[in-house]
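Hi everyone, thanks for coming along. Today I'd like to walk you through one structure, so please have a look at the sequence and the model while I talk.

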Amino acid sequence: MTALVLLDHADGRITPAARSAVTAAAALGEVHVLVTGAAIGAVAEAATRIAGVAKVLRADAEIYDKALAEPLAALLVRLAPAYDHVLAAATATGKNVIPRAAALLDVQPISEIVAVVDAETFVRPIYAGNALATVRSTDARKLITVRAANFDAAAAEGGSATIEEVEAGEATPAVSRFVSTELSTSDRPDLASARVVISGGRGMQNGENFKLIEPIADALGAAIGASRAAVDAGYVPNDYQVGQTGKIVAPDLYVAIGISGAIQHLAGMKDSKVIVAINKDAEAPIFQVADYGLVADLFAALPELQAELAKAS
Amino acid sequence: MKLLVPVKRVVDYNVKVRVKADGSGVETAGVKMSMNPFDEIAVEEAVRLKEKGAATEIVAVSIGVQQCQETLRTALAMGADRAVLVLTEESPEPLAVAKLLRALVDREQPGMVIMGKQAIDDDMNATGQMLAGLLGWAQGTFASKVELSDGVATVTREVDGGLETVALTLPAIITADLRLNEPRYASLPNIMKARKKPLETIAPGDLGVDVTPRLTTLRVAEPPVRQSGVKVGSVAELVAKLRAEAKVI
Ligand SMILES: Cc1cc2nc3c(=O)[nH]c(=O)nc-3n(C[C@H](O)[C@H](O)[C@H](O)COP(=O)(O)OP(=O)(O)OC[C@H]3O[C@@H](n4cnc5c(N)ncnc54)[C@H](O)[C@@H]3O)c2cc1C
C-alpha cells in the first residue's frame, strides 16, 4: 500500500506537523509526499531527506502558491487514484483541503486521527476529546487529517527520496483569489510544536498584562498561548487560541494562568506531559487536570515566578 | 440574494458527555440539546446580512431527527424566514449531509451558504468544504469577517499563523469561526413569531440521496484519565518540583 501526504510548509520550512503526518502515513505503507507552491525547490529537496519518505511529488506552480483549497483539492483528486490513503496534518491547510478533495472522490474523510489501528481503522476524538471513537472506513480510498500532537514528527534527516515533477493543473474552478495575510510575528517557538507552552486566560485582564508572561516564556523557551476568552477579548491574536476549536498542543510542560479549565480548553491541552495551573479560585476545574496547582493571584505569582526562574537551579 | 443556513442539533456545549458502558456511543438520553454554537454564529451572520439589505431571504435547514424542528425554530426566532427539515433516523455523516445540502442548493438556488465550521459533537470540520467541492463553489472556511460587494465575498479567515483574506466569486460557501460575530438571543416576541413561520419536512429520498454511512463506529471509549496532581504552597515550591520531580525545566 502507498500513502500520499500533502506536506505543509511555511516560510520555506516543512512544519513539524507535516512530519507527524508522515509518521502516521508510515504506519500504513510506503510514503510519498506532495510538495506544492511556487518556487519550492528547496522545500522539495528538504522533503527528500525526511526519514521514511520514498518519493517526493513536486507541484511547483503559481496557482498553488497560497495553498488555496480549490486548486489544491483538484490536484489531490488527480493524484489520488494511485494511492490507498491520502493524508495531511490537521492544520489550517489540511482541514481546508482534505474534506473538499474527499467529497470530490465520494469519500467520507476521517478528521483528526490520533491513532492508526490498521489500514481501515482509526481512532479519533469526538465531543471535545471527551470520548475516543474507533472508526472503520468502508471507502476504497481513505482521506485523513492527522492530529500532529499524537504522532512524533518523522526525523527531518535520514531519508533519500527521489523527486518527481507533477504537472500543474488548470486553476479550476477559478473561483477564489488570495488577497492578503496578517500573520503574527514572533521569535518564540511555534505554539503547536513547542516543548513548553504558557497560556493566559481571561484572568490576565488585558493584553498589556501578557507582558508579565513574556520574561517567563523567554526563560523557559516557551510559546505563548491563550484561552478563547482571552482571544475574544482581544488580549492576543486568534492564532494563540488553544482548545477544541483552536490549536491542539501536547508539550512537555503546559502552564495555564488565569484559565478556568472549560472542557473546550482542556480539549486542546490535556495530553500535555506536565500541567501547571495558577488560579486564584481553588475550585477552578483546571486543577482537576493539573499536576501542580498553585492557588494564587497571578499578578503576585508571575513576578515571583520570573524571579525564581532567574535563580540558578 | 437568498442565503441557505444549515443548523445541527447537538449536545449542548456545557454538557460533559459520558461514554455508554457498552462502548457503543455517548449517553444522549436526557441530555440537554442545543443548536451547534458555530451554526448560531452562521445564522447571526445571515440575519445581519439581511438587515443590511445584502440578503433577501434566509432558509434554515436541519438534517436529523424530528426534534431538529426545535433547532429550526431557534433559527427562525433569530431571523430566518423559513425552514426545511430533512428527516432522518440518525444524524448522517458529513458526506451524506453535503449531498443533501447540494440537492437543496439545486432546489433553492441560494447565492451563498453560511454554516458553522465544525459541529461540536463529531468535531469533523468537513461539511462546508465538502459541499463546496460537490458544487464546484469557492470556500471561505474559518471566517472571522465577511464583506460582500459586486458578486464577490471578501472573507477573512482564521489560519494557523494569524489571519488570511481571500476573495470568493459568488455563489460561495462560508464556514463561521468563533469571532465572526456574537449571536443574538431571540426575543420572546420573535420566538412567538417563529412558531408561525413555514417549516417543511422532507425525506432524503425526496432529494435522491443515499445516506448510508461510510464509517462504522467499532467502539467509543473514555480517554485516559489524568492522575490528579498536588497543590503547591508557593512559587518557590512549584519551581523546585518542576526542576527536581517533573524534570521539565
Ligand atoms: C463552540 C465553542 C468553542 C470553544 N472553543 C474554545 C477553545 O478552542 N479554546 C478555549 O479556551 N475555549 C473555547 N471555548 C470557550 C470555553 O467554553 C470557555 O468560555 C473559555 O475557555 C474560558 O476562558 P478562560 O478560562 O480564560 O475564562 P474564564 O472561564 O472566565 O476563567 C478565568 C479564570 O481566571 C481566574 N482568575 C481571574 N483573575 C485572576 C487572578 N488575578 N489571579 C489568578 N486567577 C485569576 C478565575 O478564577 C477563572 O478561573 C469554546 C466555547 C464554545 C461555545
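Let me begin with a question: what is the order of the strands in the open sheet of four strands? Reading across, the order is S8(A)-S9(A)-S10(A)-S12(B), and the pairing is antiparallel. Here strands (E, at least two residues) and helices (H or I, at least four residues) are DSSP runs, numbered from the N terminus, and two strands pair if DSSP finds at least two bridges between them.

Before going on, a word on the ground rules. This is a predicted model, where local features need pLDDT of at least 70 and side-chain atom pairs count only at pLDDT 80 or more, while totals for chains, interfaces and linings use all residues. Residues are numbered from 1 along each chain as its sequence is written, chains are lettered from A and ligands numbered from 1 in the order in which they are written, and side-chain values use heavy atoms, with hydrogens and water left out.

S8(A) is joined to S9 (residues 121-126) of chain A by two bridges in the antiparallel sense, and A:Ala115 has A:Val123 as its bridge partner in S9(A).

There is also an open sheet of ten strands, with mixed pairing. Its order is S13(A)-S9(B)-S8(B)-S7(B)-S10(B)-S6(B)-S1(B)-S4(B)-S5(B)-S11(B). At the edges sit S13 (176-183) of chain A and S11 (199-202) of chain B, which each pair on one side only. Within this sheet, S4 (residues 57-64) and S5 (residues 82-87) of chain B run parallel, joined by six bridges. B:Ser62 stands opposite B:Leu85 in S5(B).

One more pairing links the chains: S18 (residues 292-295) of chain A runs parallel to S13(B), with three bridges. There, A:Leu294 faces B:Val232.

Now, how many residues does each chain bring to the contact? Chain B gives 79 residues and chain A gives 85, with contact meaning heavy atoms within 4.5 Å. About 6800 Å² is buried between the two chains, and carbon and sulfur atoms give 55% of that. Buried area is the accessible area (1.4 Å probe) that two parts lose on being put together, summed over both.

For the polar side of things, 47 residue pairs are in polar contact between chain B and chain A, both at pLDDT 80 or more. That term means a pair of N or O atoms within 3.5 Å; within protein, one must be able to donate a hydrogen and the other to accept it, and residues adjacent in sequence count only if both atoms are side-chain atoms. Five salt bridges connect the two chains, each a side-chain nitrogen of Lys or Arg within 4 Å of a carboxyl oxygen of Asp or Glu. One of them pairs B:Arg214 with A:Asp139, with the closest N and O atoms 2.6 Å apart.

Finally, two backbone details in chain B. A cis peptide bond, with omega about 0 degrees, joins B:Leu170 and B:Pro171, and B:Pro171 lies in the loop between S9 and S10 (172-176). B:Asp123 is not a glycine, yet has a positive phi of about 50 degrees.
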